[in-house]
Amino acid sequence: MNSTFEELYKEFSPRIYKLCLSYSGDRLFADDLHQETWIAVWNSLPKFRNESKIGTWIYRIAINTCLTGIKKQTKKSDHSEEILARLVHEESHDSTKEINLLYESISKLKENERIIITLVLEEKSYEEIAEITGITENNLRVKIHRIKKELKEIYTNHGRI
């Protein structure tokens, strides 16, 4: 690997943020997950063994960070704080309402579906998505079709959820 941390951050940070947003469905929570991901990348970078692409490795760290963060979040009993943060967020980001709705819809998908659709939105190749998720390319194509159908339904019916 010849890239410095700063170069990796510049290259992957926007995509990793979108991944975090698709997991959380909330920009404030995504900010935390994004920051935690890059701290983990910083701490683990000296241990990277070049056994996979650096991007794949960073995505795996981000996915693990998101899963851990979501588990911690669900354990918190104070739900009112989350609601308040969401209300403040919605008020301050009204111009991006449609994008937020999309990410909220993605956050309602099952865990493995969120990973796949986020990587599709990042325009990753099927080969790379298959490598990251451990799913064969043929199975991946079927799953993507089903996920898009489900996401469209969630997005369309969002007002009723």
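Is Arg141 buried, partly exposed or exposed? Arg141 is partly exposed, with a relative accessible area of 43%. Here buried means under 20% relative accessible area, exposed over 50%, and partly exposed in between (1.4 Å probe, protein chains only).

This is a predicted model, where local features need pLDDT of at least 70 and side-chain atom pairs count only at pLDDT 80 or more, while totals for chains, interfaces and linings use all residues. Residues are numbered from 1 along each chain, and side-chain values use heavy atoms, without hydrogens and water.

Arg141 forms a salt bridge with Glu137 (3.8 Å, N to O). That term means a side-chain nitrogen of Lys or Arg within 4 Å of a carboxyl oxygen of Asp or Glu. Glu137 is partly exposed, at 32% relative accessibility. The two residues sit 4 apart in helix 8, so about one helical turn separates Glu137 and Arg141.

Now look at the neighbouring contact. Glu137 and Arg141 belong to the helix 8 group, with Leu140 and Ile144, that meets Tyr126, Glu127, Ile129 and Ala130 in helix 7. Contact means heavy atoms within 4.5 Å. The residues of this contact divide into 5 nonpolar, no polar and 3 charged.

The axes of helix 7 (residues 126–133) and helix 8 (residues 137–156) come within 9 Å and cross at roughly 95°. The two helices are therefore roughly perpendicular, a label for angles of 65 to 115 degrees.

The structure holds 5 salt bridges. One of them joins Glu128 and Lys124 (3.6 Å, N to O). Glu128 is buried at 12% relative accessibility, and Lys124 is buried at 11%.

Definitions and conventions: Axes are lines fitted to C-alpha atoms, for helices over the stretch in contact, and angles run from 0 to 180 degrees between N-to-C directions. Angles under 35 degrees count as roughly parallel, over 145 as roughly antiparallel, 65 to 115 as roughly perpendicular and the rest as oblique. Ala, Val, Leu, Ile, Met, Phe, Trp, Tyr, Cys and Pro count as nonpolar, Asp, Glu, Lys and Arg as charged, and the others, Gly among them, as polar.
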